[in-house]
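Subject: Handover of a structure and notes on it

Dear colleague,

Please find the structure below, together with its sequence. I would be grateful if you would read the notes with the model open beside them.

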Amino acid sequence: MDAESSKPKAALPSHMMNGGSPLRVTTEKRDQKERDSLYNAIETSHRGRQAVNFDGPEGYFPSSSSHNHQYGNGNGNGNRTHNRHTSINSEIDGESHHDGAVPRTPLATSRAQSPYTQHPTVDFNGLSWPSKGTRERKEATEEEKAERLEKLTGAVRTILECVGEDPDREGLLSTPDRYAKALLFFTKGYEENLRDIVNGAVFHEDHDELVIVKDIEIFSLCEHHLVPFTGKMHIGYIPNRRVIGLSKLARIAEMFSRRLQVQERLTKQVALALSEVLQPQGVAVVVESSHLCMVMRGVQKTGATTTTSCMLGRMRSTARTREEFLNLINRP
């Protein structure tokens with residue numbers, strides 16, 4: 001037996017070792033349709049949406065004349081249109097679409113169709129759901145980083161002037177530079193990707209019971225107001241002959257939370273990333289957090305918390321398994 005054949009096979013999926021992406025469905029892989037649907041939801045939440053105009057002629061509650069125009073006047077002469085409530089993608093949302101082929105979707109969903117649903121779920125060679133400009137930041141040279149920091153510092157100085165402060169007084173003299181550095185740290189998840197985070201820490205193990213890491217602290221910025229939301233994330237999965245280093249679960253949560261986020265998308269991203277890395281029997285992610293955008297401002301409800309969940313595979317299809325997970329994370 002030669003040396004090559006005697007080496008144990010790595011537990012890490014091949015698409016994470018060689019940079020490729022899984023192109024064929026195996027018997028162990030979760031329902032691809034479920035993954036595509038979830039990936040579509042994550043992608044579309046990054047891009048623009050058209051606001052719902054409830055009062056306009058094409059709004060959610062159209063006038064009777066508008067209704068007759070679209071659905072006919074009752075005598076059978078009108079052409080019935082199934083997609084009465086439609087949403088049009090923004091310019092960013094229309095990437096890789098040809099002119100004249102703008103997709104329309106039911107307004108009730110408030111989601112635009114994604115051109116990426118057939119793409120690999122996680123871009124292992126790239127940035128794991130990057131936003132516009134993310135690659136420029138990750139691959140920036142030292143000179144470009146210094147230029148970016150200087151630009152951000154100037155923007156913070158402008159903010160101080162606009163709120164009525166004197167950025168040259170003693171207490172604020174270094175604030176623009178300090179806050180610029182802090183903001184880059186708050187969003188450091190844009191400089192990381194899933195492949196580097198996992199770093200090969202996936203191992204063969206004959207274990208088919210729940211693995212749970214709970215009470216993972218997360219700190220993120222609401223993308224709507226750029227104020228923090230903080231809380232805890234609970235991650236569980238049922239292995240399918242593969243397990244991941246426990247610290248990697250916390251690192252995955254940290255990577256996605258250190259970006260401009262909404263809690264719903266953050267929950268789905270972590271669940272789908274873990275599902276792609278391990279291809280387990282099931283994945284469950286629950287996030288509980290407090291949003292300062294509704295504590296410090298707006299409705300100002302200091303005791304309100306938000307809980308979101310994402311279940312995949314057996315965690316979604318088997319009620320008993322799902323209940324076991326929820327009971328375990330709620331134990332003191």
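The notes that follow begin with the whole chain and then turn to individual residues.

This is a predicted model, in which local features need pLDDT of at least 70 and side-chain atom pairs count only at pLDDT 80 or more, while totals for chains, interfaces and linings use all residues. Residues are numbered from 1 along each chain as its sequence is written, and side-chain values use heavy atoms, with hydrogens and water left out.

**The chain as a whole**

The secondary structure of the protein chain consists of twelve helices and nine strands. Here helices (H or I, at least four residues) and strands (E, at least two) are DSSP runs, numbered from the N terminus. Of the 332 residues, 39% count as buried. Buried means under 20% relative accessible area, exposed means over 50%, and partly exposed lies in between (1.4 Å probe, protein chains only).

**Salt bridges**

The structure holds eleven salt bridges, a salt bridge being a side-chain nitrogen of Lys or Arg within 4 Å of a carboxyl oxygen of Asp or Glu. One of them joins arginine 137 to glutamate 191, with the closest N and O atoms 2.8 Å apart. This pair links distant parts of the chain, since arginine 137 is in helix H5 (residues 134-138) and glutamate 191 is in the loop between H7 and H8, 54 residues apart. Arginine 137 is buried, at 10% relative accessible area, whereas glutamate 191 is partly exposed, at 35%.

Another salt bridge joins lysine 188 and glutamate 254 (3.4 Å, N to O). Lysine 188 is in the loop between H7 and H8 and glutamate 254 is in helix H9 (residues 246-257), 66 residues apart. Lys188, Glu192, Glu254 and Arg258 are linked in a network of salt bridges.

Glutamate 142 and lysine 145 also form a salt bridge, with their closest N and O atoms 3.9 Å apart. Why are glutamate 142 and lysine 145 separated by about one helical turn? The reason is that they are three residues apart in helix H6. An α-helix has 3.6 residues a turn, so residues three or four places apart point the same way.

**Helix H10 and the residue after it**

Helix H10 (residues 263-278) has 16 residues, which should span 22 Å at 1.5 Å a residue; its end C-alpha atoms are 23 Å apart, which agrees. The expected span is 1.5 Å times one less than the number of residues. H10 is mostly covered, with 15 of its 16 residues buried. Just after H10, glutamine 279 takes a positive phi of about 50 degrees, although glutamine 279 is not a glycine. Glutamine 279 is buried, with a relative accessible area of 10%.

**Asparagine 199 and the cysteines**

Asparagine 199 likewise is not a glycine, and has a positive phi of about 55 degrees. Asparagine 199 lies in the loop between helix H8 (194-198) and strand E3 (202-204), and is exposed, at 60% relative accessibility.

With a disulfide taken as a pair of cysteine sulfur atoms within 2.5 Å, the count comes to zero. Cysteine 162 is exposed, at 65% relative accessibility, while cysteine 310 is buried, at 8%.

Yours sincerely,
A colleague
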